[in-house]
Amino acid sequence: MSIFTIFITALVTENVILTKFLGICSFLGTSNKEKNAIGMGISVTFVVLVSTILTYLINKYILIPTNSTYLQTITFILVIACFVQITELVIKRYFKSLYKSLGIYLPLITTNCAVLGIILTNIRSDYNFIESIFNALGSSLGFVLVLYIFALLRDRIEKNNIIKSFKGIPIALITAGIMALIFGRLV
Amino acid sequence: MKKVLNYLFKENPVFVLVLGICSVLAVTTTFEKSYMMGIVVLIILVISNFLVSLIRKIVSEEIRIPVYIIIISTLVTLIEIILNKYSKPLYDAFGIYLPLIVVNCIILGRALAFASKNKVFDSIKDGFKSGIGYLIAISIIGFLRELFGNGTITIMNDISSITGYREIIHVFNNSVIPNKLFLTSGGAFILLGILIGIINGRRGEV
Amino acid sequence: MKFIKENGPHIKSDDNSSKIMTRVLIALIPIVCYAIFKNTILVYFFTSQSFFSSLHPLFMIITGVCVSLVSEVLWFKFVLKKSFNNSIKETKKSFSIIPGLLLSLVLPTNVPLWVVAFGAFCGTIVGKMLYGGFGQNVFNPALIGYLFISVSYNSLLGSPLNAYELDALAGATPLTNLTSLGYYGVYDSVVGSYGSLLNFFTGTIPGAIGEVSKLLILVGFLYLAITKTIKWRIPITYILTVFILTAIIGYGIGLGLWYPLFHVLSGGLLFGAVFMATDPVTSPVTQIGQVLHGISLGILTVAIRFLTPYPEGVMTSILFMNMLVPLFDKIGVKLKYAFKKIYIPIIIYLILVVVLVLTIISNVNNSKNNTVDDVGNKVTITETKKDGNKTTYIVTSKGWGVIKAEVEVVDKEIKSIIVTDKTGETQWSEIEKENYIYKVITNQKDINNLDAVSGSTFSSNALKNIVKKVLSEELK
Amino acid sequence: MIRGLKIDGKKEMSLSEEIIDFSSPDKVYVPLMNNNTPCDCLVKKGKKVKKGTVIGIRKNMDFPVLSPVSGIVVDIDKCLYLNGEEVPCVVIENDKKETVLKKVLVDDIAKYTKEEFVELLKKCAVTGMGGSDFPTFFKYKSDASFLIVNAVECEPYLTADMMLVKLKAEAILESIDAIRKINNIKKCFIAFKENNDIVRNAFLEYIGRYEDIVLSPVKNIYPMGWERHLVKSVLNLEYERYPSEVGVIVNNVSTIFAIYKALKFQRNITKRIVTITGEGFTEPINVLVKVGTDMSSIIKKIGKYKGEKLKFIAGGPMMGTALSSDHIVVSNNLGAVTIISDTEDYKNECISCSKCVNVCPAKLCPVLIMKNIDNVNELKKLHPELCVECGLCSYVCPSKLGVRDFVVKAKGKVRQ
């Protein structure tokens, strides 16, 4: 399939939050202000891109030759964890201002299902190098897109007088559900 | 009865603490897959709590998270291998959500919050308690989604190779046309939202 | 002498929200009457249908309105625990009739009543009341109802032709007809089969109940715009954008000026633009925001009409843009005080338009050049799995709706086709009756001269396309 | 493009041939207020005062408050001011002799220098009588090339300025010409509503004599009397915060008449025309009253209230504030007293119909301000400080919400 269709399906139809249900913990948690929605999005995109490249190489040149593919989960999660640790240190020392704005999200990413999820989809549907890059890019941009739209909507919903038991998480889930239905119709 | 209500309403990890719902929504298109996922998570939770509380003395503060992640991911890989060998269709049905249990917030959460501080027996009990809560929650959602979405309840289908017993109950004899909404991803979100809303409302009284 | 101490202006304009609601209802009444006339009386006279069953659209409208009213009263009574009479008072205050009415006008004619009730119920409860009642909903409640119906009971929607049109004009609504022709067709094949463009305008063409007579919709729009009841900027920019985009595309693929006119006058565009997109609660407030809202609606509708299997993009694009309303208002406020920054949205929209138009033109052109039997973009292979010599293709193909199937091929010959999702196909029973899948497999070599099953041409073409695509894939 | 709304003025209700003179009340309650800032009292009980003696001072601008009558200070107590609050005031027993501090009659009122003119305005306590009560000398400190006289009176029900122009057109034109000569202003414009023939004919009679004073009709919309609209419509100029940035001074027509009194007799203005109007009052009429008289006594003399659930509004129905009792005290900027019945409007949710956004003359988004009321940094982006509190957003709102109150609250929040 052409790269462009992979990108578009990853961005809209197979959106990482709405159809694959990945990354909902951070989706519900951080998306109350646009600022940290974008902050979270950028850091996730960065981490996903780099770890896709790393995991692709590891998988191709280490795991498959030694046909220990069952070790995939462990290696990938470790790669993500150390990579996040390294980036946190690097940013803290060199880009002080960037750390202030993005620093708080980095530890969150290790436990974010989206990152591992995107990498696993890449591996499972055995895309080649370029395809997996585009898929990673599409899914993370889809993540940012949905996070930003949801932050805007959340801002507006906070002000409504919803009945007490549906305030907060339930109404957020219902809105996300309606968004998922709409995205589903864009296929 | 009080205990079951407690599992469901008081501190159910899914409905009340809203943790680990990444896997809950994705896998619950059939009743069988959901309770199987519930059992898998229950097992992993109990064992990981057990292991974590065992080594809680010797593990220092900074490297806690990587160590716990290694423990949980080894457990998950073990389960993967077993499932892959015995019931291939179930393994395919779970797809990428089986390895994603590693990142499931419940297991890591319970490990960090509880197991690393208490004695072995207590952490096992706690792991069991929240595991049961998770199992009940995920099977309710799976049951509802399949009942409305598909009009059938698959008690045992993919793992029939192990148990050798295949059972799918067709509830509505196509008088009521099944509402495909619950099978879609959006429907799962909405159903979970409504369930949590109702339970929030009921929690006020219970 | 005791006086009332209140601040704020002490004289108020005589306009109030219930007057706004009545004005919208007045604009809707001619459309409803024409719809009832066209779909019931005409049907009653020209076809053998009994009087009771030809009144079906009227019952649909009544159920839509009643259910949305009753569900709101129930919500106030049981959830908010209000006494009976002031829950009636609450519903009088809010526009509770309009979502139900709009929903029933958008649905095709022969939708069963309980589906309309389900849609109206979901629209009011999930779409409006859960978000805090009247004036606070994020999505248009009528469209939420439509979304729920089209997602859960798509198979029941069936062909939007009413009984009279079924036997008079074979085939589907103009738009589905166009999509099946691959968005390209000479004047008489696209428009001719439904009479001239004038028929489109007066509304003697098949379509959902209320979307048909464009003349009455325009009259309603003028009335609403003059009495300042709706935000007139949104429909005008919406329809203009669609017209301009389709004009460019039409020019790109070498068709006359009738092509954009056809696009504007067909389907639910006019009705959606005038009544759905301008629902005051779910549309932007700032004037610049409204213009941006209209333009992006237009772009998305054209994108959906041309790039996705769904022929009708209006409802989905309005719902999608309801999500972005806070964004448009944010841009509107920012541009209000820094007007020179307008070039940023202009550049973004220009890029979007250029990219969209080029992709559509290239799509339509390459599907136009190769002959009809080439599969083109009608069939897409989503997944291929190889184990041993057997390869299975997961395929989606455009029939009436979208068919999903698994095709197993062993050394270049199709062994079996399992159709996993055929809910979009309305006339699937004929295919099964004639066991058409078996026929397709047996003479898969010269598939072209296997004639389609009468009565469900679309589904049989879809199956034939699947076979052609899979075989051409194997040869590669 | 000038934004506003055509509102039914209901002016003919209180227009009549002549005005009733109540200019010698027994007691006078002079409020110690100027431009909503309290002033300090300089007199004690029992002090004899003449017309024009200083009885109070506004500290930061040392702007005097002068006594409108001659008599004895009886008491210092509280009275109801037009902004709805109880304000300290000086109660003076009127001996009805109208003895003046210093009798002066100047024949050629144009021979002052600019500094003398500004000093005189300050000495005679001339303030803006269109409602702002802003000390006028401050406006004339900087030099200006244009003067706009605001005879628009766009507030519904009000006819006080119209009656003043009808009676004193010649004096007003003379004072405008004097101001022009003293401050060497290039051109003076008298802005009035195009359909207001009374003002047009009153001025046309004498305007021939002055070639630099021009009548300029403006659109009959509310709030045409707003400074920014006048400057834009008459001179097509825009300014940031004050008209003095583009060399323009805007004065109400009754302020011009007060300046005439200051130039001609070198003393403060003591009388003012007030309209008593509204459906809740039997005989709407214009009255000539001393500053400081208690309006309830005058209302009792003229007519009675009719209808129940009435609102007693100091000023017009759009900008005025409803008071709890009718014992309001006349101050320089009180143009009218309106008595109308309550509209008992049927409050509903806001359906974000954007009517208030389309009508706001200051081009704000009142509905967004209302919705973001407790989020300050969001409010800052919406610039509520530009609001002129004309009340059109609440007027036009179909759900009858008090939109202006939210914008005013937001103004306060943003200012901190």
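Of the 476 residues in chain C, buried residues make up 50%. The model described here is predicted. Chain C has 22 helices and four strands. Among its contacts with a separation of 6 or more, 67% are between residues 24 or more positions apart.

Helix 5 of chain C, residues 97-106, is largely enclosed by the rest of the structure, because nine of its ten residues are buried. A residue counts as buried if 20 or more other C-beta atoms lie within 10 Å of its own. In helix 5 of chain C this applies to C:Ile97, C:Pro99, C:Gly100, C:Leu101, C:Leu102, C:Leu103, C:Ser104, C:Leu105 and C:Val106. The elements that cover these buried residues include the helices in the table.

| Covering helix of chain C | Residues |
|---|---|
| Helix 1 | 17-46 |
| Helix 3 | 56-79 |
| Helix 6 | 113-129 |
| Helix 7 | 141-152 |
| Helix 16 | 269-276 |

Chain D contains an open sheet of four strands, arranged in the order 2-10-9-6 with antiparallel pairing. Strand 2 (27-31) and strand 6 (48-49) of chain D each have a single partner strand and stand at the edges, so one side of each is left without a neighbour in the sheet. Strands of a sheet pair through backbone hydrogen bonds, either parallel or antiparallel.

Definitions and conventions:
Residues numbered from 1 in each chain as written. Chains lettered and ligands numbered in written order. Predicted model: local features only at pLDDT ≥ 70, side-chain atom pairs only at ≥ 80, totals over all residues. Buried ≥ 20, exposed ≤ 12 C-beta atoms within 10 Å, placed from the backbone. Helix = DSSP H or I, 4+ residues; strand = E, 2+ residues; numbered from the N terminus. Contact = placed C-beta atoms within 7 Å. Pairing = 2+ DSSP bridges.
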